[in-house]
Amino acid sequence: MPRSPVLHPLAVRIAHWLNAVAIACMISSGWGIYNASPIFGFKFAPWMTLGGWLGGAIAWHFAAMWLLVANGLFYLLYGSFSGHFRLHLLPLRAADVVSDAVQAMRFRLPHQPGVYNAVQKLLYWAVILLGILVVLSGLALWKPVQLDWLADLFGGFDFARKVHFAAMAGIAGFVVVHLALVAIVPKTLIPMFTGGRDHEANAS
């Protein structure tokens, strides 16, 4: 008998875990950079930051940024040409999002391994857009003179910092929701390591 298809292809799993590492490093090192010149009335605890000091935090931040950019481009190309986006993240309808959100709040939303509900589809598209926004605003902060047109697009250097912070906060929020869903349905974690198959997921 033919084997059932994997729930998560190898390319998706690699991109997922590389993104997890890159985002964790970017968030924690970004908090260290933020602490050096806060734009709001608070700072992050030193133990939450990465790099030890401003120079170290910047080094970590840029290293993670290039990993995020390279991996993000790979994922976008793979998702577009392999049909991953079309098969798993589309179609996305407002009525389905509302219906699934209501069911989720009532804890009645059914879960089928390998199938994304409308809320998950919306969140994945949102985090992809936030990733693009955080990279572009980060480039505007990195080269505000050479890329003055990009900095101007974000309303200047100071406002670009706020956009960058807000985009990263959105990504951090996505991570929190993502981890909460994994905690609620832990059987979804193993296939992200092994790939999983339909009959294996149903058996679990």
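## Terms and basis of the model

Helix axes are lines fitted to C-alpha atoms over the stretch in contact, and the angles between them run from 0 to 180 degrees between N-to-C directions. Helices are DSSP runs of H or I with at least four residues, strands are runs of E with at least two, and both are numbered from the N terminus.

The structure is a predicted model, in which local features need pLDDT of at least 70 and side-chain atom pairs count only at pLDDT 80 or more, whereas totals for chains, interfaces and linings use all residues. Residues are numbered from 1 along each chain as its sequence is written, and side-chain values use heavy atoms, with hydrogens and water left out.

## The chain as a whole

The chain contains nine helices and zero strands, so that its pattern along the sequence reads α-α-α-α-α-α-α-α-α, by the DSSP assignment. Its C-alpha trace spans about 60 × 35 × 35 Å along the principal axes.

Of the 204 residues, 33% count as buried, a class that means under 20% relative accessible area, with exposed meaning over 50% and partly exposed in between (1.4 Å probe, protein chains only). The chain exposes about 12200 Å², and carbon and sulfur atoms supply 72% of this area; accessible areas come from the Shrake-Rupley method with a 1.4 Å probe, and for residues only the protein chains shown count as cover. Where contact means heavy atoms within 4.5 Å, 67% of the contacts between residues at least 6 apart in sequence join residues at least 24 apart.

## Helix α5 against α7

The axes of helix α5 (residues 118–142) and helix α7 (residues 157–184) come within 9 Å and cross at roughly 150 degrees. That angle makes α5 roughly antiparallel to α7, because angles over 145 degrees count as roughly antiparallel, those under 35 as roughly parallel, those from 65 to 115 as roughly perpendicular and the rest as oblique. The crossing of α5 past α7 is left-handed, a term used if the near helix is turned anticlockwise from the far one by less than a right angle, with right-handed used if it is turned clockwise.

On the α5 side the contact is made by L123, Y124, V127, L130, G131, L133, V134, S137, G138 and L141, and on the α7 side by F157, A160, R161, V163, H164, A167, M168, G170, I171, F174, V177 and H178. By class, the contact of α5 with α7 has 15 nonpolar, six polar and one charged residues. In this classification Ala, Val, Leu, Ile, Met, Phe, Trp, Tyr, Cys and Pro are nonpolar, Asp, Glu, Lys and Arg are charged, and the others, Gly among them, are polar.

The residues in contact are F62, W66, L68, V69, Y75 and L76 of α2 and I128, V135 and W142 of α5, which divide into nine nonpolar, no polar and no charged.

The axes of helix α4 (residues 94–105) and α5 come within 7 Å and cross at roughly 115 degrees, which makes α4 roughly perpendicular to α5. D96, V97, D100 and A101 of α4 meet A118, V119 and L122 of α5, and by class this contact of α4 with α5 has five nonpolar, no polar and two charged residues.

L109 lies in the loop between α4 and α5 and, at 24% relative accessibility, counts as partly exposed. Not counting residues up to four places away in sequence, L109 touches D100, Q103, A104 and N117. L109 and W47 are 62 residues apart in sequence, and their C-alpha atoms are 37 Å apart in space.

S37 sits in the loop between α1 (10–36) and α2 and is partly exposed, with a relative accessible area of 40%; its C-alpha atom is separated by 9.9 Å from that of L54, 17 residues apart along the chain. D158, in helix α7, counts as exposed at 54% relative accessibility, and the C-alpha atoms of D158 and I39, 119 residues apart along the chain, are separated by 8.7 Å.

P91 belongs to the loop between α3 (84–89) and α4, and the peptide bond from L90 to P91 is cis, with omega near -5 degrees. Most peptide bonds are trans.
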